[in-house]
Amino acid sequence: MIASVALAFALALPQDSLAPRRLDDFERITAWSAHPADGVRMSLHSDPGRRGRALRLDFAFAAGGGYAIARRALPIDLPTNYAFSFWMKGSAPPNTLEFKLIDSTAENVWWYTERDRAFDGGWHRITIRKRQIAFAWGPRGGGELTHLAALELVITAGRGGGSGSVWFDDLELTPLADLGPYLGTPVASADAALAGHAAAALVDGDSTTAWRAGVSLRPVAVTLDFGRPREFGGLSLAWEPGREARDYDVLLSNDRRTWHLVRRVQTGVGGTHHLYLPDSESRYVRLVCRSIGAHGVGLREVTVQPLEFGASRNAFFASVARTAAPGTYPRAFLGQRAYWTIIGSDGSRAKALLNEDGAVDAGAGAFSLEPFLEDSGLVTWHDVTRSVRLEDGYLPVPSVEWTTPRRGALRLAITGWIAGPAERPSLVVRYRVTNRGSTARRPTLYVAIRPFQVNPPWQFLGTPGGTARIDSIRWTGSALVVNGDRRVIPLRAPARVGATTFDQGEIGERLRQGIPPTASAVRDTSGAASAVLAYPLALAPGDSADVA
């Protein structure tokens with residue numbers, strides 16, 4: 001049995017969405033035609049589907065990218081508000097999924113894009129609402145599409161490239177009611193056994209109040225009722241110190257009978273947990289705390305975030321960064337610019353970016369290495385004076401220097417260059433910590449591996465900037481293997497190594513809380529894993545130490 005608290009939001013219910021219209025069950029695929037880019041191999045096949053038959057799209061991208069388009073004529077009038085949906089599975093590297101709508105002139109295109117779509121081999125229902133479809137190009141210049149002439153399902157080369165297969169089944173169009181803005185007034189009802197008198201504290205906007213449940217051997221559930229289906233982009237859960245749930249589920253429902261699990265959270269940190277739930281829609285949200293600590297659970301506030309919060313991974317991290325202490329996340333997610341330069345010369349097979357805050361990426365679209373110092377508190381890019389230079393004033397060997405402001409300052413110099421044979425070059429990053437004071441110092445250098453690019457999130461041409469997926473990290477004893485194919489090799493053995501998923505606490509947050517992770521390997525289904533290499537240093541006055 002699960003103990004529960006219900007929070008009801010009294011509202012009038014709008015008209016439910018109309019019945020979906022089946023556009024294609026893919027029992028026959030003769031209506032579809034293949035349109036690959038030059039140099040891309042592509043073919044369409046009928047294959048076993050989720051039920052009955054499905055369309056299988058096989059592709060092989062050449063070096064440099066391309067696209068594979070499956071197109072069919074589909075002349076229909078579109079309702080005022082709507083959602084397209086289809087089932088999809090794939091056996092392929094992460095690539096970009098595009099969904100395109102074309103008008104009768106065949107020149108105006110509207111689209112939905114999902115970059116770095118990960119394929120796990122299972123069937124997933126993809127729902128694309130009207131508000132997610134934007135004008136892409138054409139002489140019309142914009143506006144709303146009311147009559148559809150043709151539809152395209154597209155796989156475009158992204159981070160993964162390569163070759164693979166993607167299956168599509170059960171394409172539907174569902175007319176939707178316009179939900180409009182949410183204007184509900186929360187009221188609370190509670191199980192008296194669970195301190196129900198405090199249930200309203202979850203949504204009262206007051207972080208000094210809290211809902212609490214005592215120690216229990218059974219799961220404890222809290223249910224939010226919006227009174228009608230509501231769209232939202234995520235949740236932020238503010239836990240009481242020492243009473244945070246370390247193991248809980250998030251479920252959604254429209255009828256309070258059938259529940260859909262959207263997140264299973266297992267975490268090692270307290271504070272506020274931000275949950276990325278893009279394009280969610282439900283009437284009920286339920287939190288089931290499966291593991292209750294020695295002091296019970298205490299939840300100060302549940303913030304139901306707007307759609308913009310989960311509009312993209314970049315939007316999510318920008319929202320999270322605004323709530324964190326400055327320096328915890330890269331400045332680009334605060335909308336601040338950081339100048340950068342290229343490591344590597346013209347013609348080099350290996351190149352990377354180094355920005356003025358000392359972050360270095362591992363190649364185009366890839367994760368970054370970012371330094372932190374522990375010196376009577378955490379020191380970040382936000383806490384130092386920075387300077388930049390090139391070796392000899394012009395060579396493609398850039399350096400960034402941090403100087404801490406306190407008396408007897410430390411200096412951290414980050415320098416990057418390309419080394420090794422031309423056919424198999426490596427990126428080398430050196431961190432040199434110097435004690436410029438008159439007394440001995442024992443700082444700790446942290447080198448963090450983070451799911452962020454140096455390329456800022458507002459860069460969208462070529463390689464889109466902002467976040468970078470880190471699905472897995474594993475420490476072998478001599479190297480960190482990231483996503484199974486990149487190796488971060490310390491030339492000096494670290495004292496400690498730890499990896500963490502985002503739910504367990506992003507590395508910047510954990511370092512600020514003074515609880516670096518200790519796991520030697522993690523997998524993160526949200527693609528936002530991080531890790532740290534720790535180097536405690538003992539520096540006499542004037543001494544320096546190098547880590548590369």
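This is a predicted model: local features need pLDDT of at least 70, side-chain atom pairs count only at pLDDT 80 or more; totals for chains, interfaces and linings use all residues.
Let's start inside a sheet: Thr415 has Arg430 of strand E29 as its bridge partner.

**The five-stranded sheet**

- Strand E28, residues 410-419, pairs with E29 in the antiparallel sense, and the pairing runs over 10 bridges.
- These strands belong to an open sheet of 5 strands with antiparallel pairing, in the order E26-E27-E28-E29-E37.
- The edges are taken by strand E26 (385-390) and strand E37 (544-547); each has a single partner strand, so one side of each is left without a neighbour in the sheet.
- On average, neighbouring strands here are turned by 15° against each other, direction ignored.

**The pairings of strand E31**

- Strand E31 (residues 472-475) pairs with strand E32 (residues 480-482) in the antiparallel sense over 3 bridges, and Ile473 stands opposite Val482 in E32.
- E31 and E32 form a hairpin with 4 residues between them. Look in the turn for Gly477, which has a positive phi of about 105°.
- E31 also pairs in the antiparallel sense with strand E35 (residues 521-523), over 3 bridges. In this pairing, Arg474 stands opposite Ala521 in E35.

**The second largest pocket**

- This pocket holds about 930 Å³ of space.
- Its lining consists of 31 residues; those nearest the centre are Pro425, Ser426, Leu427, Arg487 and Val488.
- By class, the pocket lining divides into 21 nonpolar, 8 charged and 2 polar residues.

**The largest cavity**

- The model has 2 cavities of 30 Å³ or more, and the largest contains about 70 Å³ of space.
- Lining the largest cavity are Arg263, His274, Tyr276, Arg313, Phe316, Phe317, Phe502, Ser526 and Ala528.
- Strand E19 (272-289) and helix H1 (313-323) each supply at least two residues of this lining. The largest share, 3 residues, comes from H1.
- The lining of the largest cavity is made up of 5 nonpolar, 2 polar and 2 charged residues.

**The second largest cavity and Lys89**

- About 30 Å³ of space lies in the second largest cavity.
- Its lining residues are Met88, Lys89, Gly90, Arg117, Ala118, Phe119, Asp120, Gly121, Gly122 and His124.
- Strand E7 (residues 82-91) gives the most to this lining, with 3 residues, and the classes come to 3 nonpolar, 4 polar and 3 charged.
- Lys89, one of the lining residues, lies in strand E7. Leaving aside neighbours within four places in sequence, Lys89 is in contact with Phe119, Gly121, Gly122, Trp123, Ser165, Val166 and Trp167.
- Although Lys89 and Trp123 are 34 residues apart in sequence, their C-alpha atoms are 4.6 Å apart in space.

Definitions and conventions. Residues are numbered from 1 along each chain as its sequence is written. Side-chain values use heavy atoms; hydrogens and water are left out. On a 1 Å grid over the protein atoms alone, a cavity is a set of points where a 1.4 Å probe fits but cannot get out, and a pocket is an open set with protein on both sides within 12 Å along at least five of seven lines; lining residues have an atom within 4 Å of a point. Grid points are joined across faces, edges and corners, and a volume is the space filled by probe spheres set on the points. Ala, Val, Leu, Ile, Met, Phe, Trp, Tyr, Cys and Pro count as nonpolar, Asp, Glu, Lys and Arg as charged, and the others, Gly among them, as polar. Contact means heavy atoms within 4.5 Å. Two strands pair if DSSP finds at least two bridges between them. Axes are lines fitted to C-alpha atoms, for helices over the stretch in contact, and angles run from 0 to 180 degrees between N-to-C directions.
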